[in-house]
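The sequence and the structure come first.

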Amino acid sequence: MQVISCNPRLFSLINRSTQHFNLRPFSSSSSSSAYSSQSRGGLPRFFSETLPTIKGGVVRVKGDEFWHMTKVLRLGIDDRVELFNGKGGLVEGRIESIDRSGVDFEAVENPKLVSQPTTQWHVFAAFSTLKGGRADWLVEKCTELGASSVTPLLTGRSQSISENRADRLQRVVLAAAKQCQRLHEMILKPPIAVGELLPVVANSRLAFLAAAEATPVFNALSSINKEPNGIIIIGPEGDFTKEELNSLREAGAIAVGLGPHRLRVETATMALLSTVMLWSDCQELASN
């Protein structure tokens, strides 16, 4: 029988982390633990650009959210639900009335406004050539993991993305935000070319570039001071050209390796995003 041993420091970190999951009243704190406790609820949650401003206020819910509320979940009058606006606003209420075009939602409490989490990582990934739902999956998981934004990166080997596809990806972002109960919707930005990314890299506090045969990412992180904000850059199928890699490095991007194997675009994105998000959260817990 194989015995699995664990580092005592790991148990110490786990014990320290669990202290941040106690229930507590709403506050304006922007720490990741406070943000997590305030964003999670037990009621069905739906998106609405407009929220009631006070208790007793009523807003109209139509379109896809109306259909999902009444046809998929089969909710009816007086059922309790939550509305969020993707900008930190959240309000609990009830379905006041239903007709053929929508529902009227009445707030049963004053709305809450939750601050942005302090950890802010932005993804630049060359995924425009991905097929078979792989781009959808990349955007969905970036939303769930907490990326602040995703920008399609246009390179010599990944040169365009259609408007129809961008509209579809925006719907993926909204569905994923509802599923993972994040209150600030991830921003899906217009595509940019590598040349346009260079000044962004130069002005960023921290920029990681996934690259073959580079310093392993954990080695790189061990020599860097705490930084909750930054960008990650993932190349296309076939990787960046040498010229693109050199220009990104010269702009200030830190090349990091993600292991010995060749990874797909979406796999590399998840590996690097997960790493920096957890690293930032761990640093925040340590500082608290």
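## Asp104

Asp104 sits in strand β5, residues 103-107; helices (H or I, at least four residues) and strands (E, at least two) are DSSP runs numbered from the N terminus. The model is predicted, so local features need pLDDT of at least 70 and side-chain atom pairs count only at pLDDT 80 or more, whereas totals for chains, interfaces and linings use all residues. Residues are numbered from 1 along each chain as its sequence is written, and side-chain values use heavy atoms, with hydrogens and water left out.

Asp104 counts as buried because its relative accessibility is 19%; buried means under 20% relative accessible area, exposed over 50%, and partly exposed in between, with a 1.4 Å probe and protein chains only. Leaving out residues up to four places away in sequence, Asp104 touches Val58, Val59, Arg60, Arg94, Ile95, Glu96 and Ser97, where contact means heavy atoms within 4.5 Å. Ile77 is 27 residues from Asp104 along the chain, and their C-alpha atoms are 9.4 Å apart.

## The chain

The chain has 9 helices and 13 strands. Of its 288 residues, 44% are buried. Among contacts between residues at least 6 apart in sequence, 79% join residues at least 24 apart.

## Nonpolar cores

A nonpolar core is a set of buried Ala, Val, Leu, Ile, Met, Phe, Trp, Tyr and Cys residues joined through side-chain atoms within 4.5 Å. The largest one has 34 residues, and Trp121, Phe127, Cys142, Phe208, Leu272 and Leu273 touch the most other members. Elements that each supply at least two residues of this core include β7 (120-125), α4 (134-145) and α5 (163-180). Helix α9 gives the largest share, 8 residues.

Beyond four places in sequence, the contacts of Phe127 include Ala135, Leu138, Val139, Arg165 and Val265. Another core, of 16 residues, lies apart from the largest one and has Ala126, Ile192, Val201 and Ile233 among its members.

## The second largest pocket

A pocket is an open set of points on a 1 Å grid over the protein atoms alone, where a 1.4 Å probe fits, with protein on both sides within 12 Å along at least five of seven lines; lining residues have an atom within 4 Å of a point. The second largest pocket is lined by 22 residues, and Ala212, Asp239, His261, Arg262 and Leu263 lie nearest its centre. Elements giving two or more residues to this lining are β11 (207-216), β13 (254-257) and α9 (265-287). Strand β11 gives the most, 5 residues.
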